[in-house]
Every structure is written in C-alpha cells, then in structure tokens.
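Student: I have a new model to read and would like to learn how. Can we take it feature by feature?

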Protein chains: 2
Amino acid sequence: MIPVMEIFGPTIQGEGIVIGRKTMFVRTAGCDFRCSWCDSRFTWDGTMKDDIRMMSAAEIYHELREIGGQSFNHVTISGGNPALIKDMGVLVDLLHKENCQVAMETQGSKFQNWMRDIDQLTISPKPPSSHMNQNLDILDTVIAELMPQKINLKVVVFDEADYQFARQIHHRYPAIAFYVQVGNPYLDDTVDKHTEKLLSRYEQLIDRVMTDDTMNNVYVTPQLHTLIWSNKKGV
Amino acid sequence: MIPVMEIFGPTIQGEGIVIGRKTMFVRTAGCDFRCSWCDSRFTWDGTMKDDIRMMSAAEIYHELREIGGQSFNHVTISGGNPALIKDMGVLVDLLHKENCQVAMETQGSKFQNWMRDIDQLTISPKPPSSHMNQNLDILDTVIAELMPQKINLKVVVFDEADYQFARQIHHRYPAIAFYVQVGNPYLDDTVDKHTEKLLSRYEQLIDRVMTDDTMNNVYVTPQLHTLIWSNKKGV
C-alpha cells in the first residue's frame, strides 16, 4: 500500500529534465527531510494528515484514469520522498504495462530496487539553505546503485553557499546531466510581483553560471509552474 | 566560408529540447523563409546586411573562445536557416574535436549531410500564422534522411489554426519527441507587461494541450529568454 497525499493532472512538469512534459502527478506522503523552504510541507508537517490515503497501485491507476481520462501517457511520482516507499515498484510496473512513462524525484537519501525502472529519475541533493545535512557518502551509494541508469542531478540554489554546494555535486558526478534550479523563497502567495521577483533571481543565477568556467555542462532552469501559478496546489 | 550575423554567449538556450543549457550562439545570415512573426528578421531583411561577415570555421571558433573563454562546451547554430549553408560541416567537426556539443534549429526545408552530426537537431516546421507554406513532402524527405538520428520537432503556436498544424505534424511523426512552443507576438519591446502577457498565452496553450487526448506525448514550453529579456539581442 502507498500513502497518497494527492493525485492531479494532466498538467506540465514545471522543472528539471522533463520540463514542459505533459504529465499526471502522484504525490506521496512522508519525508525523511524537513527542508526549510519545502514547497510541499503538507506532505510531512501533519497539517493535512487526514487527507493521506493508503492506496494500492491498482487504485492509484484507476484514479489517474478517472481524473486524466485518456489524456496522458506520463506520470510523475513526487513527494515527500517517494524513495521511502517499498511497494512503489508495483505502481511503476503497472504504469509501464499501461504504456505510461514514469518520472520521479528524490533527494538521494535512500535506494529502492524499483528506482532502476524509473524512466526519468531526478536526484536532488539538498543545499545548505535547506538546513538539512545531506550525507554525501549515502548519496554516493544511492547513485552507484543506479548507474549506469539514465539519472540526472538537480540542485536548488538560493544563495552563494548553495551555489558552491551545486558546484561540489556537479564535480563529484561530472558524467551525470546536471540542473541548477533557482530557489523560490516566495512560498506565501500574497507576495507582490512574485513572477517578476522569481525571474530576477533566475537571471542572477544565469549570470553566476555563465561566468563560471567550472560549470559548463549544466542546465539553468526556473520552475515554470511557479512562474504561471505561483504556489497554487493541484496544477 | 560561412555568412555570420552574430556570435554571442555564453547564455542559456531559452527553448526546445535543450532548454536551460549553457551555450554559445552562432547566428548565420540568410533564410529561405520570411515568417510573419520572425524574431530575427535582421538575418534576412537586409537591415543589417553590412554586419554579415564571411568567416571560416577556424575564425568562428577563435571568436567563440575570444568571447566565451573556457566557459562553454556547447554551441548552438541558429539563423536564419543554417541548413542553407553547405560548408557548416567543417565547423561542426571542429567543435566536436574541441569537445563541444552542437545544437541547431532549422525549419526542415533543406537537408545537408552534416546535419546528421548535430547533437541536438530541432526541426521546426512553420504553422499557418507564419504565412509560409511549409512543404510537407520536402519535410518528409529531410526527416527520412535524418532518421534514426536523435532529432526533435518543435512547432510554434499562435492560434487554433497553428495548433491544428502542430497536431498534424505530431501525428505525422509520432515517434519523434515533440515540442509545442507558445508564440511571441510582442516583438516590439515597448509592449507593456510583456512577460505577464506571454505567460498568459503560455497558460492558454497548456490548457489546450492538457484537454486534448490526441496530444499526450508532448512538451509545452515557453521561450525562457523572452520571459527574462524580452527581445533584447545578444543574450
């Protein structure tokens, strides 16, 4: 059984290696991290614990079709940290059987065998501003288990310390596709000129990477969904 | 010799399959199309013909390093239509020898053997709003020459007729990665609230694709550079 926080879509994947892809989202509950700027705190802070449903893979697939009809062939598993869930492999297999591709994001703190079957697996180690202490030895073992799969790395950057962390991660795994993503500190929807501020931060991050000759083989990306919808849930 | 309109970077690739990638740009002069909404008219309308320089591959590479230093390992060849230029293969080979990846975009009206060597080749057939009459038989032959290379298709959408054209192209080549890109009608930089208007058009295009169950295996993307920099040249 899988603890499901929300199922929604189809919408676009707003970030990372499949940015722009038409997809459905399955968001699981529970996380081993408590990032200071987490945009999905409700998956772990207890405020929405009554909304968590324990669902089988078949039930999740049924609900995906109920909501998305025939208008999708791609599903993104998000969290929380879906890598905590042992039984997720059943869902991944079922989605593949139904001709859906599957993407997933996790922080790289835990490995499960079924992660090898994910079509687009993003490992997103957490930088200093998260106030988490990402264990790089564990990250090494998780990535070693997944190679030579098609995985990609993504680091969210809020400030210079985060940028240095991003550089460290990129240089630690230079062969893996690397995404630098601008952080979103505007989790309060009442913030004025939200899009303008995010684009300004994005431009600063671009400038930082463009002048850094140790960061060439990289992608610098925003979160498209926050540019359009701010922090609205369910899109 | 290659007719060069401008060389600039490093900056991000703002669109398509390598959206966000740190890259240098080499923009060639000359085009066989005259799209109504072309954002690089100066490559073919004669207004900047005095800026065109006939350059060898070695000269272009030298200038790329002069401007970009060691801060790039990816070059995007843009136009105009670079597929018009027979001698481009020398530059592509030189860039590969220097450990640079090469991306290119063309409308698919012409094939050159060196196009098979491009790392990320985007074919962008022009929809009705361009007032061009894209010849789909020629497009078939160009794509047939390139298969099974890793090419991708991109169609810019301004209105419903364009959307129907995008659908037609996607269904004609269902196995090729497909990008629907929101059109930018605001080529005049004095337009007020440019970013807001583009994001609103982008959201409408997302809504159109999300409810269309014949358009599942697709990416819906904006032009990141126009969101940040409007129509500024050289970024």
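Student: Is A:Asp137 buried or exposed?

Tutor: Buried means under 20% relative accessible area, exposed means over 50%, and partly exposed is in between, with a 1.4 Å probe and protein chains only. A:Asp137 has a relative accessible area of 55%, so it is exposed. This is a predicted model, where local features need pLDDT of at least 70, side-chain atom pairs count only at pLDDT 80 or more, and totals for chains, interfaces and linings use all residues. Residues are numbered from 1 along each chain as its sequence is written, chains are lettered from A and ligands numbered from 1 in the order in which they are written, and side-chain values use heavy atoms, with hydrogens and water left out.

Student: Where does A:Asp137 lie?

Tutor: A:Asp137 is part of helix 3 of chain A, residues 136-146. Helices (H or I, at least four residues) and strands (E, at least two) are DSSP runs, numbered from the N terminus. A:Asp137 and A:Ser109 are 28 residues apart in sequence, and their C-alpha atoms are 9.6 Å apart.

Student: Which residues does A:Ile123 touch?

Tutor: Contact means heavy atoms within 4.5 Å. Leaving out residues up to four places away in sequence, A:Ile123 touches A:Thr106, A:Gln107, A:Gly108, A:Leu139, A:Val142, A:Leu146, A:Ile151, A:Asn152, A:Leu153 and A:Lys154. For another distance, take A:Ile123 and A:Asp212. They are 89 residues apart in sequence and 23 Å apart in space, C-alpha to C-alpha.

Student: How do I read chain A as a whole?

Tutor: Start with its elements. Chain A has six helices and nine strands. Its radius of gyration is 17 Å, close to the 18 Å that the globule rule gives for 235 residues, so chain A is as compact as a globular protein of that length. That radius is taken over C-alpha atoms, and the globule rule is 2.2 Å times the number of residues to the power 0.38. Along the principal axes, the C-alpha atoms of chain A fill a box of roughly 50 × 45 × 30 Å. Of its 235 residues, 60% count as buried.

Student: What share of the contacts in chain A with a separation of 6 or more comes from residues 24 or more positions apart?

Tutor: Such residues account for 70% of those contacts.

Student: How do I describe two packed helices?

Tutor: Two packed helices are described by the angle between their axes and the distance between the axes. Axes are lines fitted to C-alpha atoms, for helices over the stretch in contact, and angles run from 0 to 180 degrees between N-to-C directions. In chain A, the axes of helix 1 (residues 57-68) and helix 2 come within 9 Å and cross at roughly 45°. Helix 1 and helix 2 of chain A are therefore oblique to each other. Angles under 35 degrees count as roughly parallel, over 145 as roughly antiparallel, 65 to 115 as roughly perpendicular and the rest as oblique.

Student: Which residues make the contact?

Tutor: From helix 1 of chain A come A:Ala57, A:Ala58, A:Ile60, A:Tyr61 and A:Leu64, and from helix 2 of chain A come A:Val90, A:Leu91, A:Leu94 and A:Leu95. By class, this contact of helix 1 with helix 2 of chain A has nine nonpolar, no polar and no charged residues. Ala, Val, Leu, Ile, Met, Phe, Trp, Tyr, Cys and Pro count as nonpolar, Asp, Glu, Lys and Arg as charged, and the others, Gly among them, as polar.

Student: At what angle do helix 1 and helix 2 of chain B pack?

Tutor: In chain B, helix 1 (residues 57-68) and helix 2 (residues 88-97) pack at an angle of about 45°, with their axes 9 Å apart.

Student: What should I look for in the backbone?

Tutor: Most residues other than glycine have a negative phi, and most peptide bonds are trans. Now look at A:Asn99. Its phi is near 60°, a positive value in a residue other than glycine. A:Asn99 sits in the loop between helix 2 (88-97) and strand 5 (101-106) of chain A. Its relative accessibility is 64%, so A:Asn99 counts as exposed. A:His131 is not a glycine, yet it has a positive phi of about 65°. A:His131 lies in the loop between strand 6 (120-123) and helix 3 of chain A.

Student: Which peptide bonds are cis?

Tutor: The bond from A:Gly9 to A:Pro10 is cis, with omega near -5°. A:Pro10 belongs to strand 1 of chain A, residues 2-12. In chain B, a cis peptide bond joins B:Gly9 and B:Pro10, with omega about -5°.
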